[in-house]
Amino acid sequence: MSNSQANLQAESTVATSRKRRHPLLRNMSAKIAAIPMILVTLVGFVGCSVWSIVYSFTSSKSLPREKFVGFDQYDRLFDSSRWQQSVENVAIYGVCSLVFSLGVGFLLAVAMDQKIRFENTFRTIFLYPFALSFIVTGLVWQWLLNGDFGLAQVIRDIGFSSFEFNILSDRDYSIYAVVIAGLWQGTGFVMALMLAGLRGIDQDIWKAARVDGIPAWRTYLFIVIPMMKPVFITTLVIIAAGIVKVFDLVVALTDGGPGVSSELPAKYVYDWMFGRGNLGQALAASTVMLSTVLIILIPWAYLEYSQKKDATHG
Amino acid sequence: MADTLAKRAISEPHGPKPKRIISTRNIILYGFLIVAALYWLLPLYVMIVTSLKGLPEIRMGNVFSPPMEVTFAPWVKAWDSACTGLYCEGLKVGFWNSVKILIPSVLISIVIASVNGYALSFWRFKGSEIFFTILLFGAFIPYQVMLYPLVIILRELHLFSSLGGVVLIHTIFGMPILTLLFRNYFASVPEELFKAARVDGAGFWRIFLQIMLPMSLPIFVVAIILQVTGIWNDFLFGIIYAGTHNFPMTVQLNNIVNSTQGVKEYNVNMAATLLTGLLPLIVYFVSGKLFVRGIAAGAVKG
Amino acid sequence: MTSVAIADLSLSFGPIEVLKSLNLEVEEGEFVVLLGPSGCGKSTLLNCIAGLLDVTAGQIFIDGENVTWEEPKDRGIGMVFQSYALYPQMSVEKNLSFGLRVAGLPKNEIKKRVDRAAEILQIEPLLKRKPGALSGGQRQRVAIGRALVRDVNVFLFDEPLSNLDAKLRTDLRVELKRLHQRLGNTMIYVTHDQIEALTLADRIAIMKDGLIQQLDSPTEIYNNPYNRFVAGFIGSPGMNFLHGTLTSEAGQWVFNSSGLRVPLSDYGFTNTPQEGQAVELGLRPEHIIVGDASAAQPVIMEVDTELVEPMGADTVLWTNVAGHALTIRTDSESIVKTGDKLNIGFNTSRASLFSENGERV
């Protein structure tokens, strides 16, 4: 073999040994590092959700049973007055939460945006409840709303000696106690999000509006708020997702009572799952909760991803 | 040329605009803020004041009146001898349980999520984005759909009703938001840095440990704040997965207040509530702006 | 008639003095450019004139009125911002008319003004579009239009071309000059770009550290800079500066530096020179003659060519004479190579001398 031929052979051998590794083997370290995430996603989130949905069609009691009963559990669920009450309550809680926290939160943010003194102090005050557990919040407001010793007593002491305020023992209005406590905890968070959105508005827009002679309130209404649409939507989705999850708060504040008048879906699920031993019911209820959230979530996610590009490199 | 101007009367407007401090605008603005601030501080004030009163004083006065005789007995009782169900050993049991749950959970969840976020940001591979999207959905969906299957899984792993079990649960549920946090942070790191390191021959782990880690201290602090607050304040996972001997402070607190029969000791209850809220409050007051950054980062998606 | 006048205007943010007792008078119809490096206070001054910033001391007059305490909308000004600042959710037409609608002008008057502005700026086909659907140049024209509809005498521009790419900048610059010629309004323009300043201005106010260094026509600033800063700021490549001392020899002043002797008989002194005074001799690269024609110049010398930068129309030579660096701009006809020894000449009447504290001598 001549020299050049030997060279060619050697080159082709080297070339074959440097052939591209199988695509599955590339970025091995990254894939190994991502195994926890993949496991959690598949087994944890997807797997568990699917399991729950499947078993909601069984007649499981304290333990899972593979006896499939079609939509029986769901029929029972929608007939249950307790469930109906919790759905009604979560709707009340949801609407009140959204309206007041967005409204008051936005107003607070606008106030904070006015270059005031002690801004940090005010923000610290509005936001600290967010650092507390829902249990803490629930217990504090249970004390405050106590008909004998709480705020009612203060009003009586001022002079309205026949003032009665027993919201915690009132079947019709006990859910509003939960609303009050929840708003106290969460409005500061909404305010923080709104303030961040306000601060993201280009200062030159404010200058231009001032030169144009547009008063501040009109600038907020017709220019700033439309510009903040994405912030409003994101905040709305976050609040909405949180509303379905309310559990700790109602356990601490009213424990669903009096009776079941302040019952909420999350508590309904927990009680049937671990307390009263009717797994099928609990799973049916949680499947309904899941579907509700997905109905809100999927359109929003679709909107987000079609607009924004992925935040990654390459 | 400036002389002609100087000849103008000095009585004409010059210098800064006269500003009235007591203007209608300021009254409304500060009034609104102060009223709101008072409303928000109210419960904290009531908590503190109630916890320092003796029981007779509570019955006589109202929630607003400051204690005539300051006593720390309720605090001692809450910590040491309050009844949390079967035992009457106070909240200190729950406190240490919470600590035992907190530390491993925070460490493990942050370690895994940071590596994940790093991998997703720089080392995208086929399917990684899909997994991430599903993971994100997990942050929104109600936990209730996953509670029971997780019980089964933990039982199989012999981790149910144990410290390890609840730590695992916290890690799982902490992953979506934390991974998002780290992924977004690393996305803001210039890719040139990463490319230069690869040209220098560094691999996945070396780049992470020697380059990315040292420069991401702020985001780790934010992640720690987020997790410490979230895990310490948790109730649901603690009551289901930790086991009676490992109940965190929140569970014990609820037991103290809501399951005591007989005389309700409001002052002990409030002291217990304050004790439970103390740790995250301290974290909050100390971390200030970082706390806001954390929740804003967790909240702003994509 | 003075259109805009500033008297002893100062602005401090706490202890930091940003603007120091400034005085400025702008004639009606004049185009004045505030030029300077970042942080010199030019944008701040413009914002004070506009009324967006409150002054710490001094007065502002527009069209004879003392407007120091007036809101921007009552000052008779229109303003164009670097980031255009168009209202993103409104169409171009609504952007132009919003301020007028708020002021309560009758509909037909609003339409008249909007149409006129659209015609002048050639944005008629864009009226229904939103700012997001416009290019950078179109957005800037709409921003100018928003100022036009206000029917005012004074226009303020805050670095309006800085966000555009180079080609667009050149095109819009010419358009702005044409606009000024057509409308004849007073215009005060802020920029850090000396080309914009030189081409657009009737007078330039060069600013540094909150003070106006020189207020003059572009030609004057170019030929007779008051101080070292102004001399070095205008001109690209920058003026050459040679350190040395002044000595008097036989009644004539001479500039001396190691290995260099420049007689200053043609130089016009503004101040009295001192014997032995340490000075800097300033020479613009384009005022140094190269080659055969250099022999006719009063001062001639030989330099070593270190680097040649051909730039198409001109060539820049980086040379060295007796240890002093000298940049020379010459036309591209002459072929110079690195290492060549070059004959150069110049006339000191076009040079500048600066004392140690930067002042012109």
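**Exercise 1. Strands 12 and 13 of chain C**

Task: Find how many bridges join strand 12 of chain C to strand 13 of chain C, and which way the two strands run.

Solution. Strand 12 of chain C covers residues 252-257. Four bridges tie strand 12 of chain C to strand 13 of chain C. The two strands run antiparallel. Pairing here requires that DSSP finds at least two bridges between two strands. Strands (E, at least two residues) and helices (H or I, at least four residues) are DSSP runs, numbered from the N terminus. Take one residue: V254(C) has P263(C) in strand 13 of chain C as its bridge partner.

This is a predicted model, in which local features need pLDDT of at least 70 and side-chain atom pairs count only at pLDDT 80 or more, while totals for chains, interfaces and linings use all residues. Residues are numbered from 1 along each chain as its sequence is written, and chains are lettered from A and ligands numbered from 1 in the order in which they are written.

**Exercise 2. Helices 3 and 4 of chain C**

Task: Describe how helix 3 of chain C packs on helix 4 of chain C, and which residues make the contact.

Solution. Two packed helices are described by the angle between their axes and the distance between the axes. Helix 3 spans residues 107-121 of chain C, and helix 4 spans residues 136-148 of chain C. The angle is about 140°, and the axes lie 9 Å apart. Axes are lines fitted to C-alpha atoms, for helices over the stretch in contact, and angles run from 0 to 180 degrees between N-to-C directions. Helix 3 of chain C and helix 4 of chain C are therefore oblique to each other. The classes are: under 35 degrees roughly parallel, over 145 roughly antiparallel, 65 to 115 roughly perpendicular, the rest oblique. The crossing of helix 3 of chain C past helix 4 of chain C is right-handed. A crossing is right-handed if the near helix is turned clockwise from the far one by less than a right angle, and left-handed if anticlockwise.

Now the residues. Helix 3 of chain C contributes A117(C), A118(C), I120(C) and L121(C). Helix 4 of chain C contributes R141(C), I144(C), G145(C) and L148(C). Contact means C-beta atoms, placed from the backbone, within 7 Å. By class, the residues of this contact are six nonpolar, one polar and one charged. Ala, Val, Leu, Ile, Met, Phe, Trp, Tyr, Cys and Pro count as nonpolar, Asp, Glu, Lys and Arg as charged, and the others, Gly among them, as polar.

**Exercise 3. Helices 4 and 11 of chain A**

Task: Work out how helix 4 of chain A is set against helix 11 of chain A.

Solution. Helix 4 covers residues 81-112 of chain A, and helix 11 covers residues 229-245 of chain A. They pack at about 150°, with axes 10 Å apart. That makes helix 4 of chain A roughly antiparallel to helix 11 of chain A. Helix 4 of chain A passes helix 11 of chain A in a right-handed crossing. The contact residues of helix 4 of chain A include V90(A), Y93(A) and G94(A). Those of helix 11 of chain A include T235(A), L236(A) and I239(A). This contact has eight nonpolar, four polar and no charged residues.

**Exercise 4. Contacts between chains**

Task: Count the residues where chain A touches chain B and chain C.

Solution. Chain B gives 80 residues and chain A gives 79 residues to their contact. Helix 2 (residues 24-51) of chain B gives the most to the chain B side, with eleven residues. The contact of chain C with chain A takes 17 residues from chain C and 14 residues from chain A. The largest share of the chain C side, four residues, comes from helix 2 of chain C.

Definitions and conventions:
Two residues are in contact if their C-beta atoms, placed from the backbone, lie within 7 Å.
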